[in-house]
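Subject: Structure for your review

Dear colleague,

Please find the structure below, together with its sequence.

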Amino acid sequence: MGTIIIRAVGLFLIIVLAYFLKRIGFLHKADGSSLSIIIMNVTLPAVVIINLANLAIESNLLLFVLIGFFWSILQIFISYFVTKRKSNTDQQFFIYCATGFNIGNFTLPFVQGFLPLGVPLISMFDTGNSIMLSGGTKVLSDRLTGQNTGVTFKSILRQLFSSIPFTCYVVMLVLRLISFDLPTAFLMVLEPVADANVFLSMFMIGLYLELRLPRQDRLTVFQLLTLRYVMGLVFVGLFYLLPIESLAKMILCLLCVTPVPLFGVVNSVIAGVKEESVGVASSISFLISLPLMTLLLLLLGPTV
């Protein structure tokens, strides 16, 4: 228990350090974009390769791909029906930011630090999750809210395979299906790169952190975050009752309380939601998810 708390405090202090350096002008929010490029194109792919390099493909792993896909769809329909009386723009805000899973920038680094054996499960889950975030959610949102922005299957595929982490998921999955082993020397070179992912991801979150919001928008952000986390905690209860393997149960419970995904932020702004509202909702979600995921580890770790 003490180790979990110390590590969680360590992650939080990295976020605080980055936010402090931004506030005093030593670094700037724009520096987070540079870190994001490094994370998404260098350190995160290294984590995926390292953790899937010796993976034995089993049916439960492939099942996580489907869970990531259909769970997102279920979230979208719940968000749509809860917000039917809201304006079209607010509906899209809720659909984009109350659904989906932030894996690469938060959940995977968190699991990497606490439950490294769960990284393969997270990676498979993110394959299905990425299909929705890269276009599936937008297609479904457009249909539900009466929009038509011309998203096609071809554009979704292009978006997916322009993502280096997603491409790494697919390539590593194929290599493990044919039992192809990567050279040990290559994996040894990648290890220090993968190890840097946790620090860089938490530091980037601190640089992006925004906590200022106009009073008139606070209720909408509060309602959105309430929906996201109440929905998540209900799923925690459901997964906890399932008679499944303990590691899979823990990973599913942690996924229930992930922060707002980056694609949700981007799509909300495109839909016309105020950048300040989206930025604050995303920032607060990180501050909520870190203690919630830590609490789940403390409460469920000894029992699942």
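Rings of Phe, Tyr and Trp (for Trp, the six-membered ring) are taken as a pair if their centres lie within 6.5 Å; planes under 30 degrees apart count as stacked, those over 60 as edge-to-face, and the rest as tilted. By this rule, the count comes to 14 aromatic pairs. One of them is formed by Phe106 and Phe110, whose ring centres are 6.3 Å apart with planes at 15°, so this pair is stacked.

Please note that this is a predicted model, in which local features need pLDDT of at least 70 and side-chain atom pairs count only at pLDDT 80 or more, while totals for chains, interfaces and linings use all residues. Residues are numbered from 1 along each chain as its sequence is written, and side-chain values use heavy atoms, with hydrogens and water left out.

Phe106 and Phe110 both belong to helix H5 (residues 103-114), where they are four residues apart, about one turn of the helix. Helices (H or I, at least four residues) are DSSP runs numbered from the N terminus. Phe106 is buried at a relative accessible area of 0%, and Phe110 is buried at 1%; buried means under 20% relative accessible area, with a 1.4 Å probe and protein chains only.

A stacked pair is also formed by Phe235 and Phe239, with ring centres 6.2 Å apart and planes at 25°. These two residues lie in helix H10 (residues 218-241), four residues and about one helical turn apart. Phe235 is buried at 11% relative accessibility, and Phe239 is buried at 13%. Together with Trp71, Phe101 and Phe125, Phe235 and Phe239 form one aromatic cluster.

Tyr240 has the charged end of Lys249 over its ring, 5.5 Å from the ring centre. The rule here is that NZ of Lys or CZ of Arg is within 6 Å of the ring centre and within 35 degrees of the ring normal.

Two further buried residues may be of interest. Ser79, in helix H3 (residues 59-82), has a relative accessible area of 0% and is therefore buried. Leaving aside neighbours within four places in sequence, Ser79 is in contact (heavy atoms within 4.5 Å) with Phe94, Ile95, Ala98, Thr99, Leu227 and Met231.

Thr127, in helix H6 (residues 119-145), is buried at 9%. With the neighbours within four places in sequence again left aside, Thr127 is in contact with Val65, Phe166 and Tyr169. Thr127 and Phe64 are 63 residues apart in sequence, and their C-alpha atoms are 8.6 Å apart in space.

Yours sincerely

Methods
Buried means under 20% relative accessible area, exposed over 50%, partly exposed in between (1.4 Å probe, protein chains only).
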